[in-house]
Amino acid sequence: MAQWFALKARHPDALLFFRMGDFYELFFADAEAAAAALDISLTARGRHRGEPIAMCGVPVHAAQAYLARLIRRGFRVAVAEQTEPARKPGPGVPKGPLSRDIVRLVTAGTLTEDELLEPGRPSLLLALAEGPARRGATRFAAPIGAAWIDVSTGLFETVSLAGPGALAELLGRLDPAEILSPEGMALGDFESRRGPSQIPPPAPAAARARLAEPFGAASLDAFGTFSDEEAMAGLVVLDYVRDSQAGQLPRLSRPSSQGNGEAGEAGRLGLDPATRASLELLRSRDGSTEHSLFACVSHTVTAPGSRMLASWIAGPITDLGRIVARQDAWSFLAGEQPCSALLRLALRGAPDIARALGRLSVGRGQPRDLGALRDGLFAAREAASVLDQPVHSLATLPVLLSRARICLDAAQALEQRLDQALAADLPARLDDGGAIAAGFDGELDAERALRDDSRRVIAALQMQYAQRFGVASLKIRHHAQLGYVIEVPVSAAAQMKTHGSVVLRQGTASSARFSTDELADLDRRIGEAAERTARRERLVFASLVAEALAQPDLPAIAEALALLDVAQSCATLAATGRWCRPTLSDDAAFCLTAARHPVVEAALTRPGRASAENRFTPNACDLSPDRRMMLLTGPNMAGKSTFLRQTALAVILAQAGLPLPADAARIGLVDRLFSRVGASDDLARGRSTFMVEMIETAAILNLAGPRSLVVVDEIGRGTSTLDGLAIAWAVLESLHGAQRCRTIFATHFHELGELAETLPGLSPHTMSVREWKGQVVFRHEVVKGVAGRSWGVHVARLAGVPEPVVRRAGRLLASLEKTRAASKPPLPLFAAAGSAVPGRDAEPDTETSTFDPSEIAALRIAMDAIEPDQLTPREALDALYRLKSIFAASHDVAVASSVDTLF
Ligand code: ADP
């Protein structure tokens, strides 16, 4: 127990898996927690201070499955192994417990085993560090350094973020398994991934030096430009990984800085968490992967290929050159279908080189990991020969393919060597023996011959003894404690004892076990030969592992294979003739021809459901600069949200460099994409739907710009009609005049259609609906115009609302409409249309801004309250902010609160 306490003290917040022979045992509170989480029985063993010690255990051979469950439940596990072989008691053999040490800390972010990892998704450990505050344009902002490592593949990247908004976007993109962050830093939806509380981050200079050290460089500058906070986060993540692998660092790529983004991440399409949630990129809202965008576009055949495709979809880019390079790669294969098919064949079943390498580099590699390298290199050579077909030369291949081609056969020598060295049938564990092929290592062959020869000697001896002792059923068996013994039925025991050369070692109810000097000697020799064989095999294995780790091209080969897989996956889509290559440009163009929603289409045309009614109706979407804003009206169920989402997904796919489900597309690069589609109640956090809607609207108005795309559904729905209409109107005007972004604005407020007369970039569209024999028919077609009516009552009938209620609602609607028609001219609100377009760059022809007397009074009150000689610098700054906010409020028709409330 003293040993247990000492080990436990090193990782008090982890469960301690304490190796005892064939079990990992847990004690005290660890045992109680693990027994409850794993649903295994809790017993007791021994006493501590008079109390029984709670205990539970899991068998070593099944430990992976239990570990996986514990990690999924949010536990961390420290694994303590016996660090010396079990001793056979005997004279001169030391007594007391075997020495044990923690060999590994298993946490959600530091996994390497295939059983614990999802093959098609990266597994990231992310560290965050707060940097020194910098003077920003309008405020003092503390930048956040982020650094992440995928222990399973060696990826190591960093970025510097401007603040919490950018952090939320990064978390959404990376979806890290575990996060190390300073206490008090909010992680939003990722709070449950927070790792153990963190030691204070090191000083920047020390962090820079220590971060460079493991990579053999004197300074971090050798790897690019890193901010202080990136270096600090980098060291935190590196130290944690080292600690989790008992001091040993896995093979990691050099840290690579993704730069420094002001609003979000540099070079990436900005996607805030609400947008990401509404688009269901890698998972659908229910957490499954089945109805995600990824599932619709992926035709990858390898796990590394899926990981690369997933990371492209999760993090679209804004660099035109990089996007075009990706498009060129798959377009080339799409034009060379036979080549693409052969490539798919070569890649199918290619193992995961990166993850095998990861395990080998932390000393957890097994024979099959070397086998994975051998087979992966074989696949790489096959892929190379496909690309080398006579019609291709390096010069004719697009740049990404030719770069991949160059790496593919860079490790042929290693492949040959592994091919010779490894047995055809590899054991699961090195200890099982037989990993190294016969004929590869002379010394190993000799040891094996000796070991196998001893086995023949045993067989011969058994026959000899059976004759000598006159017991036909005599067997020579190996026994864990006794070694080799003669085993005979109890009935023959007396006869055996008549021979002086045998010694009775053990009797059981059915048999008796004897030994002889000869047998003891043989036992020792066989044991030694087996031990020498195993030792030699371990040595040969270790030298092969070292050779593999010393081969510098393996990560590049793994990456090249993943890229080819993604390229052939895209080419497969493009070959259907229904997915196009979008034309991207560095302007504000936006025109989709016959675009579709890939997920809704796939669901409609699923085998068994496909029919004429279930055909997906493609729609065009033109947001060219002179009609950059589309106002979309139409009833529920008419297909508005599908249209909004498919437009947003088109941008994601285009900027990920992938094909689009459309006949043609022209897209000017989008810097930030905002999608607000579908109800997103956030009641769990105590916010009303309307509050959430306004927070999300505020984010759009604060961040969108002329290069952004905004698709919003039903702004202003969560409040009274007039309130909602006023807000929707003001937001629409602002998006048109101030943000000037490309926008689709879906709404139930048909009245907003009238704004088309005063807002030149606004084009009203509606979902076409037919009434047929009293039934409403949705055509899912976007046409010019404004919806005449809402059809809500019809939809209620479709949904199964009882007929009397539907009829009563119909009558009420008719009478309400009559009253309203009588009270026209329309809402007084509209009389002022076009007279108060708010915002920064409002169009000159629509902007009028004057102060009314109450605003001047508010400013005067605020000014009078200021005593310049009495203010601290901080109070002076606050006063400035207050004055500015009065000014801003007086210019924003959407702000309903009066100036007084600001004080
Ligand atoms: P709304 O947002 O107007 O309420 P949705 O976009 O949710 O409507 O669409 C309702 C249903 O109509 C979808 O689930 C889908 O089955 C079908 N639908 C939507 N758009 C199309 C389309 N373009 N072609 C065929 N069916 C569609």
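What share of the contacts in the chain with a separation of 6 or more comes from residues 24 or more positions apart? Such residues account for 68% of those contacts, where contact means heavy atoms within 4.5 Å.

**Before starting**

This is a predicted model, in which local features need pLDDT of at least 70 and side-chain atom pairs count only at pLDDT 80 or more, while totals for chains, interfaces and linings use all residues. Residues are numbered from 1 along each chain as its sequence is written, and side-chain values use heavy atoms, with hydrogens and water left out.

**The whole chain**

Begin with the complete chain, whose C-alpha trace spans about 125 × 75 × 65 Å along its principal axes. The chain contains 28 helices and 28 strands; these are DSSP runs numbered from the N terminus, with helices being H or I of at least four residues and strands E of at least two. Of its 903 residues, 48% count as buried. Buried means under 20% relative accessible area, exposed means over 50%, and partly exposed lies in between (1.4 Å probe, protein chains only). The chain exposes about 42400 Å², of which carbon and sulfur atoms supply 55%; accessible areas come from the Shrake-Rupley method with a 1.4 Å probe, and for residues only the protein chains shown count as cover.

**The domains**

Next, colour the chain by its domain assignment: domain 1 (2–106), domain 2 (119–268), domain 3 (322–411 + 551–574), domain 4 (444–520), domain 5 (588–649 + 689–800) and domain 6 (853–902). These bounds come from an automatic or database domain assignment. Select domain 3 and domain 4, whose C-alpha centres lie 57 Å apart.

**Helix α14**

Select residues 399–408, which form helix α14. Its buried residues are Leu400, Leu401, Ser402, Ala404, Arg405 and Leu408.

**Ala594 in strand β20**

Move to strand β20 (residues 590–595), which holds Ala594. The phi of Ala594 is near 45°, a positive value in a residue other than glycine. Ala594 counts as buried because its relative accessibility is 18%.

**Helix α21**

Now select residues 640–656, helix α21. Its 17 residues reach 25 Å from first C-alpha to last, close to the 24 Å expected at 1.5 Å a residue; the expected span is 1.5 Å times one less than the number of residues. Because 15 of the 17 residues of α21 are buried, the helix is largely enclosed by the rest of the structure. Gly657 follows α21 and has a positive phi, near 85°.

**The loop between β25 and α23**

Continue to the loop between β25 (709–713) and α23 (721–739), where Glu714 is found. Its phi is near 55°, a positive value in a residue other than glycine, and Glu714 is buried, with a relative accessible area of 17%. Thr719 is found in this loop too, but is partly exposed, at 25% relative accessible area. Leaving aside neighbours within four places in sequence, Thr719 is in contact with Phe690 and Gly724. Select Thr689 as well: Thr719 and Thr689 are 30 residues apart in sequence and 9.5 Å apart in space, C-alpha to C-alpha.

**Leu880 in helix α28**

Finish at helix α28 (residues 873–890), the place of Leu880. Leu880 counts as exposed because its relative accessibility is 53%.
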